[in-house]
Amino acid sequence: MHHYAKSSNEILRKRGYRLTPQRSMILNVIHEANAHLSIEQISERVQQQNPAVSLSTIYRTLELLKELGLVRENRLPGEPPRYECAPGKAHHHLICRGCRVIIHLDENLLGNLHEDLQQQYGFHGLTLDLVASGFCNACWQKRQPFLSARERPTIRQQHEEN
């Protein structure tokens, strides 16, 4: 059994659930993809392994796995929800609004904000999910001819970025 499946099984058992074959399949599909998968993509991959697994089972399982912190749902601007493994208590993305590339950022990006929020506001079991969107360099360069003079960065701003 993979380390991820083993630790997931422990979390499920501690919360009074068991690792059913369907849950195991869904967890493995998400874990092995190492990417952000839509429900359709998860369903397609699970049903390749076992066509008897229904879409409603996948939805219910994803809800449970999210609640238990085993899977993270990402709602990126203009996109349907996507799912991925939920390592740690912080998960940050940088998304290009042009080509939709997603870059995972360092979970330590926000420093001790997690602990500070817990102490200052008395919130516990926090997760931090930052989604920042903009344009990657290639998409930004493609947009330059279409930007008005007011929207274009000044030479000074371009110099400061480099």
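Let's begin with lysine 66 and glutamate 63, whose side chains meet in a salt bridge (2.9 Å, N to O). The term stands for a side-chain nitrogen of Lys or Arg within 4 Å of a carboxyl oxygen of Asp or Glu. This is a predicted model, where local features need pLDDT of at least 70 and side-chain atom pairs count only at pLDDT 80 or more, while totals for chains, interfaces and linings use all residues. Residues are numbered from 1 along each chain as its sequence is written, and side-chain values use heavy atoms, leaving out hydrogens and water.

Why can such side chains pair? Opposite charges can do so when their charged atoms come close. Lysine 66 and glutamate 63 are three residues apart in helix α4, so about one helical turn separates them. Lysine 66 also forms a salt bridge with glutamate 73, with the closest N and O atoms 3.3 Å apart. Glutamate 63 is partly exposed, with a relative accessible area of 44% (buried is under 20%, exposed over 50%, partly exposed in between, using a 1.4 Å probe and protein chains only).

Now look at the sheet: three strands form an open sheet in the order β1-β3-β2, with antiparallel pairing. Strands pair if DSSP finds at least two bridges between them; helices (H or I, at least four residues) and strands (E, at least two) are DSSP runs, numbered from the N terminus. Four bridges join β2 to β3 (residues 82–85), and arginine 72 has glutamate 84 in β3 as its bridge partner.
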